[in-house]
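Please look through the structure shown here with care, and keep the sequence at hand while reading the report that follows.

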Amino acid sequence: MKVIIGIGNPEHAYGNTYHNIGKVAVDMLAEKLNVKFGTENSKYVMGKIKLNSQDFVLAKSQVYMNLSGDAVLAICTKLRISPKDVIIVTDDIDTPRGKWRFRVNGSGGTHNGLKNIVEKIGTEFCRLKIGTQKNSDIPLEQYVVSKIDSQTQAELCGVINDAWTNIFKQQFKINI
């Protein structure tokens, strides 16, 4: 089983912000695969699907970004899976906008959500990082929760679609 978890902030006000790109990416994948989310507990929502005899769980954290490890640990415990079976999907200020990176293992880097996940489950999980590098003088804390304009949103959706197509083809040998 592979578990794909989008992290971000839970409140509606954060819905269209850079910090919620991970949750947007999981929503886009769920729509593409026709996966419905059900509430499992207050820390996450998840849905399941089988593709080419492989089980996948799509989940979205329902806790604040800096506490993402709580949701990820709860999901791993509930499903009795190893962190090696987890793919965390998140925004990444250190990756140029319009690019994505897929990494196996590593540190939390400069991302507080990833740092919290590392603190809770260790470093042996995969990361899909969607580039959101800032091009402004806005302080980082304000930038990550700022609203995304429609042109940038369209660009990021294209990047996310490209990421899913390539990751499923390369990692799972599945065309989606």
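## A loop residue and its contacts

In this predicted model, F37 touches V26, D27, A30, V45, M46, G47, L58, A59 and K60, when residues up to four places away in sequence are not counted. F37 itself lies in the loop that runs between helix 1 (21-33) and strand 2. The C-alpha atoms of F37 and V3, which are 34 residues apart along the chain, are separated by 13 Å.

The model contains an open sheet of seven strands, arranged in the order 2-3-4-1-5-7-6 and with mixed pairing. Strand 2 (38-41) and strand 6 (100-104) stand at the edges and have a single partner strand each, so that one side of each is left without a neighbour in the sheet. On average, and with direction ignored, neighbouring strands of this sheet are turned by 25° against each other. As a general point, strands of a sheet pair through backbone hydrogen bonds, and the pairing may be either parallel or antiparallel.

## Strand 4 and its partners

Strand 4 (residues 54-61) pairs with strand 1 (residues 2-6) in the parallel sense, over five bridges. Within this pairing, K2 stands opposite F56 of strand 4, and G6 stands opposite K60 of strand 4. With strand 3, strand 4 pairs in the antiparallel sense over eight bridges, and here M46 stands opposite A59 of strand 4.

Strand 3 and strand 4 also form a hairpin with two residues between them, and N52, which is in the turn, has a positive phi of about 45°. How much of strand 4 is buried? Six of its eight residues are buried, so strand 4 is largely enclosed by the rest of the structure.

Helix 2 (residues 68-79) lies across strand 1, strand 2, strand 3 (44-51), strand 4 and strand 5 (86-92), and runs at about 50° to strand 3.

In helix 3 (residues 112-121) one finds N116, and the question here is whether this residue counts as buried or exposed. Its relative accessibility is 10%, so N116 counts as buried. Leaving aside residues up to four places away in sequence, N116 touches N66, L67, S68, G69 and D70.

Note on methods
Residues numbered from 1 in each chain as written. Predicted model: local features only at pLDDT ≥ 70, side-chain atom pairs only at ≥ 80, totals over all residues. Heavy atoms only, no water. Pairing = 2+ DSSP bridges. Helix = DSSP H or I, 4+ residues; strand = E, 2+ residues; numbered from the N terminus. Axes fitted to C-alpha atoms, helices over the stretch in contact; angles between N-to-C directions. Contact = heavy atoms within 4.5 Å. Buried < 20%, exposed > 50% of the residue type's maximum accessible area, 1.4 Å probe, protein only.
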